[in-house]
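Biologist: I have a chain open on my screen and some questions about it. Can we go through them one at a time?

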Amino acid sequence: MRRIPTLGVARLTTGQTWDALLDDTVEVVYRGSDPARRSRTQPLPPELHLSVVAALARRGVTELYAHQAATWESASSGESVVVTTGTASGKSLAFSLPALDAIARDRTARALFLYPTKALAQDQGRWLAGLGLPGLRPAIYDGDTPIEQRAHVRRSANAILTNPDMLHVGVLPHHDRWGDVLHNLRVVVVDEAHVYRGVFGSHVANVLRRLRRLALAYGADPLFVLASATIANAGELASRLTGLEVRVVDSDTAPRAERDIVLWNPELLDPELGIRASPLGDASRLLAELVGRGLRTICFTKSRKTAELVHRFASDRLDPATARRLAPYRAGYTPEQRRDIERRLVDGELLGVTATDALELGIDVGSLDCAISVGFPGTVASLRQQWGRAGRRSRGLAVLIASEDGLDQFFATEPEALLRRSVEAALIDPWTPRILDGHVLSAAYEGPLTPADAAVLGAEALERAAVLPELESTPAGYVWRGRDTPAARLSLRSGDPESFVIVDESTGTLLGTAERERAFSTVHTGAVYLHLGESYGVTALDLETRTALVRPIAVDWYTQPRKETETSIVEALRSRRIAGVELQHGRIGVSEQVVAFQRKAIADGSVIDTTPLDLPATSYETEGVWFSPPPPLLAGIDTMPILVSALHAAEHALISLLPLFAMCDRWDIGGLSTNVHEQTGQPTVFVYEGHAGGVGIAERGFDCFAEWVADTARLLSRCPCRSGCPSCVQSPKCGNLNELLDKAAALILLERMGDAG
């Protein structure tokens, strides 16, 4: 175990309930703490409506933190604003005040609150209802709202809580039913704005612009108040989401209790192969130990199946009475089940809960002592959100249990890289045609598109309207020619308007969608498809109806596709000399064809069989970065097959660490390495975005290339395996089935690049 004094962490106090549990535990590779912080407050603003002041006083609120006051000052002066501070810093009050004040001053005023999850909307709905503010009528409008209650919500509620998906398909296309709401819309709240990144965020930006357009058409110009976890570009993200100038409030002045920080790496069982003990087993053991000591603990996992497994394993370690005070919380429960678990958490009836990221966000679940994250959640911002659940009111414990993933193992060996790292930037690109076109069609359905709409929707929207065959140019503007609702065709979670739907043939349930360029890799006939941690076998893939039929299965193997990939350089947008190479950023064409798949045993990864596939190639244009190492960097590793194996391993390792710099997942990124590329004529490595058009991930990699390469070299140098493992150069999405990988040669190349940089 290491303590790293250079991080400036506070000295650990003795006698805490968990100290004896963690002392001298082989899995604890780092231990330190976040110091406590005092608050800065000021009186409630005198211009706040007296009924709001009285309602807050009844809840014991007589002062504001300085960042809450700054948010109010911006909003009250008519400025849209984003408040970006840490967990438990009072963002809910900050963004609610402008809406509450508007409603208190005008009985006809309406406010719209947007949340990314139903659980968060429920929690905030309870908070608003509990204020007891005269005239405030909050109501939730989402997929769980009974049909017979929806008209009443439209007519009567003045604080409507919903989500972007419902706004997209349930409100905007039917704006005639929402005319009174839109005419009187004063404030739009967008909570957890950092969630709106990548493809999802790019869609949401267009939805918000459509909302603004309709509000203006009905005579309103609402103020936007956004709240975000601490990210690197909160102002830029807020402006891109809304299309408005947005003021940033980022000084966190809320108090914070001291929090112990622990990085836990499961025991190394086989150094040569890099095999470690199960992180799920360690998580269940730690959860049971903490709960057994009376400590209220939340354990975050990446899927509902792992949430259930950790819950079951922990319960088996406890006596029946204590085990009854544990519960899993995940997607798939009924609304009543979710509400019951949330109530038991708030009331203190539960001692422990295992959760997916539904509880990562700002839900008030009462006072928790400990937070366990099983596997790095993908971004530093998300990890801080999870850790922020612990120690809100008194000293807490936050633990990251590393998985075998390369990023997790990098942090386990380089704690400074995690604890000192700035939060990532949230990237969106609302104007890429694959994202924009569906919203242009939807906007035309909602009302004729005219040149005046460019001020809200953007000039790009009018340019696309002129070339979309589904629209007709009329004297009134571009209008929708079809008979259906275009918004119903468009999923906010996908960048492909021709996505495949995935259906459970045993129940008829729609499980999800897969973009065309991913469908052939993930839901081909014979594939094992994972949905929220559950395994399904693909029985048929219908290319004409774009439907994949699946059924639940329980097998001890998984599938991995073999792909043939080609890249072509369409246009270089930027270049610079860095890390000993001429680095390029630009647009590239990607062509992929899935030609076979292998079944592999879960136990040891051994190949069971290989099955050929006959599927068409998919092509798309995206953005990427590429470089060709010159001969000095390849000295001694420039003969085949070492050369291509070195490039291939370096490509995998670079992909695994790019999420350090952009808020993305490794599954959002693709790559290709070749000993001779037909356009460059040299050995070349490509790393590109896996979505058509791109959303800025490659651009971020270009800007941070030197640090990206240095961190990747450290990942390989610290991994204890001999020739490569899933923690360093093996990739779960490799189209070549992780063949031709040379870890040692890749490390030589990356270290030389780092030295040159």
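Biologist: Which exposed residues does the face of H6 turned away from its buried side carry?

Modeller: First, the ground rules: this is a predicted model, where local features need pLDDT of at least 70, side-chain atom pairs count only at pLDDT 80 or more, and totals for chains, interfaces and linings use all residues. Residues are numbered from 1 along each chain as its sequence is written, and side-chain values use heavy atoms, with hydrogens and water left out. Exposed means over 50% relative accessible area, buried under 20%, and partly exposed in between (1.4 Å probe, protein chains only). On the face turned away from the buried side of H6, the exposed residues are Glu148 and Arg155.

Biologist: And which residues of helix H6 are buried?

Modeller: Helices (H or I, at least four residues) and strands (E, at least two) are DSSP runs, numbered from the N terminus. H6 covers residues 147-156, and its buried residues are Arg150, Val153 and Arg154. They sit on the same side of H6, because their arc around the axis is only 95 degrees. That arc is taken from the directions from the helix axis to the C-beta atoms.

Biologist: Why do residues three or four places apart point the same way in an α-helix?

Modeller: It comes down to the turn. An α-helix has 3.6 residues a turn.

Biologist: What do the buried residues of H6 pack against?

Modeller: Contact means heavy atoms within 4.5 Å. The partners include strand E5 (110-114), strand E6 (138-140) and strand E7 (159-162). The helices among them are H7 (164-171) and H8 (179-183).

Biologist: H7 is on that list. How many of its eight residues are buried?

Modeller: H7 is mostly covered. Its buried residues are Pro164, Met166, Leu167, His168, Gly170 and Val171. Their cover includes E5, H6, E7, H9, helix H18 (433-446) and helix H21 (486-489). The count for H7 is six of eight.

Biologist: Is Arg209 buried or exposed?

Modeller: Arg209 is in helix H9, residues 198-217. Beyond four places in sequence, Arg209 touches residues including Ser239, Arg240, Trp431 and Val456. With 5% relative accessibility, Arg209 counts as buried.

Biologist: What is the relative accessibility of Leu647?

Modeller: Leu647 belongs to helix H24, residues 642-657. Leaving aside neighbours within four places, Leu647 contacts Pro629, Ser673 and Leu749, among others. Leu647 counts as buried, and its relative accessibility is 0%.

Biologist: What is the phi of Glu192, which is not a glycine?

Modeller: Most residues other than glycine have a negative phi. Glu192 is in the loop between strand E8 (185-190) and H9. Glu192 is buried, with a relative accessible area of 4%. Its phi is positive, about 55 degrees.

Biologist: Where is Ala579 found?

Modeller: Ala579 is not a glycine either, and its phi is positive, near 55 degrees. At 3% relative accessibility, Ala579 counts as buried. Its place is the loop between strand E26 (557-578) and strand E27 (581-601).

Biologist: Which residues does Leu573 touch?

Modeller: Leu573 lies in strand E26. At 40% relative accessibility, Leu573 counts as partly exposed. Not counting residues up to four places away, Leu573 touches His585, Gly586, Arg587 and Glu623.

Biologist: Now the whole chain. What is its radius of gyration?

Modeller: The radius is taken over C-alpha atoms, and the globule rule is 2.2 Å times the number of residues to the power 0.38. For 757 residues, a compact globule would have a value near 27 Å. The chain agrees with that, at 26 Å.

Biologist: What share of the 757 residues is buried?

Modeller: The chain has 27 helices and 31 strands. Its C-alpha atoms fill a box of roughly 75 × 75 × 55 Å along the principal axes. Among contacts with a separation of 6 or more, 74% link residues 24 or more positions apart. The buried share is 59%.
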